[in-house]
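Colleague: Could you walk me through the pockets in this one?
Modeller: Happy to, let's take a look together.

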Amino acid sequence: MAGISTDPMAGRTVLVTGGTGGIGKATATGLAAMGARVGITGRDIARTRAATADVAAASGNPVVDPFPADMSSQAGVRRLAGEVLAAYPRLDVLVNNAGAFWATRRVTADGLEHTFAVNHLAPFLLTALLLDRLKASARARIVTMASGAHATGKIDFGDLQGERRYSGQRAYSPSKLANILFTYELARRLAGTGVTATVLHPGVARTGFAAENPPPMWKVFLPLIRPFLKTPDQGAATSIYLACSPDVEGVTGTYFAGCKPKTSSPSSYDTAAAARLWQISLDLVAPTASV
Ligand SMILES: NC(=O)c1ccc[n+]([C@@H]2O[C@H](COP(=O)([O-])OP(=O)(O)OC[C@H]3O[C@@H](n4cnc5c(N)ncnc54)[C@H](OP(=O)(O)O)[C@@H]3O)[C@@H](O)[C@H]2O)c1
């Protein structure tokens, strides 16, 4: 029918964090190709702008916006949220994708362990700051990237910042379990608002994952398994599905892999742990935001 777009995401606005490479860039490209206005984030201005141009060219959709932000700092997340709210009168989908694995312990500008800060606290704070806009845009969706690695994670409430013991895996797996606990708690809190929250494992994909600060043996091990890994496009399939498919309209509080609902680890269903993590996260961001 002339004049009416048949693009399934036409008129929708999506923010994908960590859209400069890997799964996030492929997710942004897929959603832009379906007609969405897409914003992407990344730490470096030049890299974020270059990725924006790549996503626009690959998708054939010129409406792609760069939001440079270092999400390891709460000030960075707050600035990002302010810019997104100023630029987007509506926000239909938030894809909390940015995250990584760091082999050595580092501390952020806020004095927090870096993996916990980027992988869990940043999406927690960003979601809180964008929540009113998402609610006003309902039916909106919040899609958060976890990992199958969550299954080996345990939240050590006595050492959340990895001060007593740290390894990349010891920090990464719990941060991904935190993504699931966060999503399930968020879904409970959003019941009746028209905003859904889902969480996913993308499969193991060939991206820049862990490249910045790789674990020992990574350089030996990675080339051996690399040919068997998913492409970034394949890794983005479940994020794209959760962001746009009518099949999951209204579906909330659910973990997905391979575009199918899956059972996550037993500890991810611990509602007391989810509520405790929520309160601790709130306390950690409260000095910089009222959420
Ligand atoms: N690849 C896999 O097999 C796999 C499996 C399970 C889960 N995941 C998850 O998938 C997500 C995407 O990972 P990927 O594999 O696509 O890795 P990637 O290629 O390294 O992409 C990571 C993205 O996150 C951004 N990022 C990292 N630190 C950031 C920070 N402090 N502030 C803002 N943005 C930041 C990066 O942007 P800049 O570097 O430009 O700042 C980049 O766009 C992660 O959450 C990861 O845990 C991946």
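**Pockets and their linings**

Modeller: Within the lining of the largest pocket, α6 contributes the most, four residues. Helices (H or I, at least four residues) and strands (E, at least two) are DSSP runs, numbered from the N terminus.

Colleague: What kind of model is it?
Modeller: This is a predicted model, where local features need pLDDT of at least 70, side-chain atom pairs count only at pLDDT 80 or more, and totals for chains, interfaces and linings use all residues. Residues are numbered from 1 along each chain as its sequence is written, and side-chain values use heavy atoms, with hydrogens and water left out.

Colleague: How many residues line the largest pocket?
Modeller: The lining has 49 residues, and Gly-99, Ala-100, Thr-207, Phe-209 and Ala-210 lie nearest the centre. A pocket is an open set of points on a 1 Å grid over the protein atoms alone, where a 1.4 Å probe fits, with protein on both sides within 12 Å along at least five of seven lines; lining residues have an atom within 4 Å of a point.

Colleague: Which elements give two or more residues to that lining?
Modeller: Those are α1 (22–33), β2 (37–42), α4 (114–136), α5 (168–189) and α6 (218–225).

Colleague: Switching over, which residues lie nearest the centre of the second largest pocket?
Modeller: Lys-154, Asp-156, Asp-159, Arg-170 and Pro-174, out of 23 lining residues. Both α4 and α5 give two or more residues to this lining, with α5 supplying the largest share, seven residues.
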